Amino acid sequence: MIKIVMVGLIAIALFFAIGISATYAQSAPSVTTNPATSITETEAVLNATVNPNGDATTVWFELDGSGPYCQQSIGGGTNNVAVTCNTNTFTTLSASTSYSFRAVAINGINITNGNTENFTTSAPSASAPSVTTDPATSITETEAVLNATV
């Protein structure tokens, strides 16, 4: 009986000594890529939710298979963390173009690819032409040449 109690006490002491938590085991990060927001002709905000699951985690975004972009460390907690990235920090998007992106997270346990999301940038805004009325020329009693710059 004393041996069993001693082994149990030693095991508990080891849990505390090496920092193992009996209530939470670390695992790979969980990643959800969320829809892009603030989409314009030339930029968008990429969004994700990442849970480090107890191990220091680094997150980044991939756009159309390229990256990493907006790499950031989010610590090693066990709560969800909102992560964003404005594309204007690394590129200028083209108007009326479809893009795909995903978030990727890595910790000491493993790497996790988020789901792929898609968005399309806005069409170029149509602007009214600029018109300047210039002075009339060749003015006579019955006619004149009207001038303008468009």
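How many bridges join E6 to strand E7 (residues 111–113)? In this predicted model, the two strands are joined by 3 bridges and run antiparallel. One of the residue pairs involved is Ala105 with Thr112, the latter being the bridge partner in E7. E6 and E7 together form a hairpin, with 4 residues lying between them.

The secondary structure of the protein consists of 1 helix and 10 strands. Read from the N terminus, the elements follow the order α-β-β-β-β-β-β-β-β-β-β. The protein has 150 residues, and buried residues account for 25% of them. When contacts between residues at least 6 apart in sequence are considered, 56% join residues at least 24 apart.

Strand pairing is described next. Strands of a sheet pair through backbone hydrogen bonds, and the pairing can be either parallel or antiparallel. With strand E8 (residues 117–120), E6 pairs in the antiparallel sense over 4 bridges. Here the bridge partner of Tyr99 is Phe119, a residue of E8.

An open sheet is formed by 3 strands in the order E1-E2-E5, and the pairing within this sheet is antiparallel. Its edge strands are strand E1 (30–37) and E5, each of which pairs on one side only. From one strand to the next, the twist averages 20°. The pairing of E1 with strand E2 (residues 45–51) is antiparallel and extends over 6 bridges. Within these two strands, Thr32 stands opposite Thr49 in E2.

The largest nonpolar core contains 18 residues, of which Leu46, Val50, Phe61, Phe101 and Phe119 touch the most other members. Two or more residues are given to this core by each of E1, E2, strand E3 (57–63), E5 and strand E6 (98–106). The largest share, 4 residues, comes from E6. The surroundings of Val50 illustrate how a core residue meets other parts of the chain. Apart from its neighbours within four places in sequence, Val50 is in contact with Pro29, Ser30, Val31, Thr57, Val59, Ile74, Asn79, Asn80, Val81, Val83 and Ala105. Phe61, another of the residues that touch the most other core members, is also among the contacts of Tyr69.

Tyr69 is located in strand E4. Its relative accessible area is 23%, and the residue is therefore partly exposed. Leaving aside neighbours within four places in sequence, Tyr69 is in contact with Trp60, Phe61, Leu63, Cys85 and Phe90. Tyr69 and Val59 are 10 residues apart along the chain, and their C-alpha atoms are separated by 9.2 Å.

The torsion about the S-S bond is about 55°, so the disulfide is right-handed.

A charged pair links E3 and E6 through their side chains. In general, side chains of opposite charge can pair when their charged atoms come close. A search of the whole structure finds 1 salt bridge. This salt bridge is formed by Arg102 with Glu62, and the closest N and O atoms are 2.8 Å apart. The pair links distant parts of the chain, with Arg102 in strand E6 and Glu62 in strand E3, 40 residues apart. Arg102 counts as partly exposed because its relative accessibility is 25%. Glu62 has a relative accessible area of 18%; because residues under 20% count as buried, Glu62 is buried.

Conventions: Residues numbered from 1 in each chain as written. Predicted model: local features only at pLDDT ≥ 70, side-chain atom pairs only at ≥ 80, totals over all residues. Heavy atoms only, no water. Disulfide = S-S within 2.5 Å. Pairing = 2+ DSSP bridges. Axes fitted to C-alpha atoms, helices over the stretch in contact; angles between N-to-C directions. Core = buried A, V, L, I, M, F, W, Y, C linked by side-chain atoms within 4.5 Å. Buried < 20%, exposed > 50% of the residue type's maximum accessible area, 1.4 Å probe, protein only. Contact = heavy atoms within 4.5 Å. Salt bridge = Lys/Arg side-chain N within 4 Å of Asp/Glu carboxyl O.
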